[in-house]
Amino acid sequence: MLIQLLDNITGKWAMQWIVIWFICGVIALSAGFWLTTDHTTLDMFYLGVSFVGLVCVVSLSFRKNVMGNGLGMAATAGEVVVQATSGAVGLMLAPLFNFFTHVYGIFYWSKHTDPDGDMIPKSANKAVWLITAVFIILGLALFPTVNSLLASYGYAVVEDDNSKFLGFISFFWINVIAFVLSITAQAAMILRYSFNWWLWIIVNFVWLIVNLMSGNYIFAIQTMIYQINAFIGLYEWQRSEQS
């Protein structure tokens, strides 16, 4: 029953699903904007960037190169502007990284497409899984040192304010895990590995905690919308992958 539903969503009902998902996303983000922000120019700009992001992520989940990576470039450029104008210069690093991966992806994906023009995902062998695991471990180990170095220049990615989630889990480390995993997931996606969606599912869960703890409810709403898309993307890519 569930498999049949997913087959339909990623097949004959794909356009209807995309439209319904996008409309629900716009409504949820708009509600978050009106109820939780001061409606400043920056807030309105980010809302617009979020709408572009919706089209971007759903295009990526359905393996559309120009719409996915092209709008990914636009969305991440917008996020850079948002973070820069709000003074969070350290938080510019992740969208800057994502911007350049989308630039690479738009050319790389175009070389690996099926007759319909959709990117062909590939499955990961044991070596790729091992490299990914090592990258994550090294990233988590080195991040505090790198972050401290960046902080000395005024570019700290995560501030350590000693706050705790549920009273015992460091909010700093939750942010670190989210940052490292998101960078890894983005790289895996651009390299066409279908397992990237497993990472995004974990990332979205972690970011939801971060956003709720920081009172950033519009981001929390966006994360839940993205999470639904991540499950669809996982099924679509694994169904279409080529070793």
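The model is a predicted one. Its largest nonpolar core holds 30 residues, and R63 and R192 are two residues other than glycine with a positive phi.

**The largest nonpolar core**

- W109, F143, M189 and W197 are the members that touch the most other residues of this 30-residue core.
- Two or more residues come from each of α3 (41–61), α5 (93–108), α6 (126–152), α7 (171–190), α8 (196–213) and α9 (217–240).
- Among these helices, α7 is the top contributor, giving nine residues to the core.
- Leaving out residues up to four places away in sequence, M189 touches L60, W109, N196, W197, W200 and W237.

**A separate core**

- Another core lies apart from the largest one and has 16 residues.
- Its members include L54, V57, I218 and I232.

**Two arginines with positive phi**

- R63 sits in the loop between α3 and α4 (65–85), and its phi is near 65°.
- R63 is buried, at a relative accessible area of 7%, because that value is under the 20% cut-off.
- R192 belongs to the loop between α7 and α8, with a phi of about 80°.
- R192 has a relative accessible area of 6%, so this arginine also counts as buried, again under 20%.

Definitions and conventions. Residues are numbered from 1 along each chain as its sequence is written. This is a predicted model: local features need pLDDT of at least 70, side-chain atom pairs count only at pLDDT 80 or more; totals for chains, interfaces and linings use all residues. Side-chain values use heavy atoms; hydrogens and water are left out. A nonpolar core is a set of buried Ala, Val, Leu, Ile, Met, Phe, Trp, Tyr and Cys residues joined through side-chain atoms within 4.5 Å. Buried means under 20% relative accessible area, exposed over 50%, partly exposed in between (1.4 Å probe, protein chains only). Helices (H or I, at least four residues) and strands (E, at least two) are DSSP runs, numbered from the N terminus. Contact means heavy atoms within 4.5 Å.
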